[in-house]
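Please look over the sequence and the coordinates before reading on.

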Amino acid sequence: MSSKKTTVPFAGTKEQEEALMKVIAENKDQKGALMPIMQQAQDIYGYLPIEVQTMIADGMGISLEKVYGVATFYSQFALNPKGKYQISVCLGTACYVKGSGDVYSKLEEVLNIKGGECTADGKFSLDACRCVGACGLAPVMMINDEVYGRLLPDQIPDILAKY
């Protein structure tokens, strides 16, 4: 089964764009303003798609490459939208040795997305994390704030069906 990249089309509103332009106008002349502007942009849009990065670059009079470089360097910035249900699988040592890699692979297969992506309907996004502090329940995944422990790949379809 070949996994083709699914993307949710950018759907920014006029209100979001106006809010971003206001943030840029208020901050662009301050030294070190790029990071705070990008953080506020992510608060407004939920992530930083290329369209938003372009607005920031144009509004600040800097290159898109600089904005993209910052967006990809810092893990706090998301280039893809997050789903209504954000799935995070722990790939830390305790979980990994107990099979979290297989759980992660099963999620990619069932959802037909790769890590860091969001399903086309915007319902689920998938990410890996390093530790959720529930090593005794390994392997562990979280869907939003709900923790699922002692997972087996075969349990994934039934868990997702609840959502």
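The model is predicted, so local features are limited to pLDDT of at least 70 and side-chain atom pairs to pLDDT 80 or more, while totals for chains, interfaces and linings use all residues. Numbering starts from 1 along each chain as its sequence is written, and side-chain values use heavy atoms, with hydrogens and water left out.

**Overall fold**

The protein has 7 helices and 4 strands. Helices (H or I, at least four residues) and strands (E, at least two) are DSSP runs, numbered from the N terminus. In sequence order the pattern is α-α-α-α-β-α-α-β-β-β-α. The C-alpha trace spans about 50 × 30 × 25 Å along its principal axes. Of the 163 residues, 40% are buried; buried means under 20% relative accessible area, exposed over 50%, and partly exposed in between, with a 1.4 Å probe and protein chains only. A contact is a pair with heavy atoms within 4.5 Å. Among contacts with a separation of 6 or more, 62% join residues 24 or more positions apart.

**Nonpolar cores**

A nonpolar core is a set of buried Ala, Val, Leu, Ile, Met, Phe, Trp, Tyr and Cys residues joined through side-chain atoms within 4.5 Å. The largest one has 19 residues, and Leu20, Met38, Val52 and Ile56 have the most contacts inside it. At least two residues of this core come from each of α1 (14-27), α2 (34-45), α3 (50-60) and α4 (64-73). Another core, of 18 residues, lies apart from it and includes Leu107, Leu111, Met141 and Leu160. Leaving aside residues up to four places away in sequence, Ile56 touches Leu20, Ile24, Leu34, Ile37, Met38, Ala41 and Val67.

**Helix pairs**

Two packed helices are described by the angle between their axes and the distance between the axes. Here the axes are lines fitted to C-alpha atoms, for helices over the stretch in contact, and angles run from 0 to 180 degrees between N-to-C directions.

| Pair | Angle | Axis distance |
|---|---|---|
| α2 and α3 | about 140 degrees | 11 Å |
| α2 and α4 | roughly 70 degrees | within 11 Å |

Angles under 35 degrees count as roughly parallel, over 145 as roughly antiparallel, 65 to 115 as roughly perpendicular and the rest as oblique. With an angle of about 140 degrees, α2 is oblique to α3. From α2, Leu34, Ile37, Met38, Ala41 and Tyr45 meet Val52, Met55, Ile56 and Met60 of α3. By class, this contact of α2 with α3 has 9 nonpolar, no polar and no charged residues. The classes take Ala, Val, Leu, Ile, Met, Phe, Trp, Tyr, Cys and Pro as nonpolar, Asp, Glu, Lys and Arg as charged, and the others, Gly among them, as polar.

α2 and α4 are roughly perpendicular to each other. In this pair, Leu34, Met35 and Met38 of α2 meet Lys66, Val67, Val70 and Ala71 of α4. The contact of α2 with α4 divides into 6 nonpolar, no polar and 1 charged residues.

**Two single residues**

Glu51 is in helix α3 and is partly exposed, with a relative accessible area of 35%. Glu51 and Phe10 are 41 residues apart in sequence and 7.7 Å apart in space, C-alpha to C-alpha. Ala25 lies in helix α1 and is exposed, at a relative accessible area of 54%. From Ala25 to Ile37 there are 12 residues in sequence and 9.8 Å in space, C-alpha to C-alpha.
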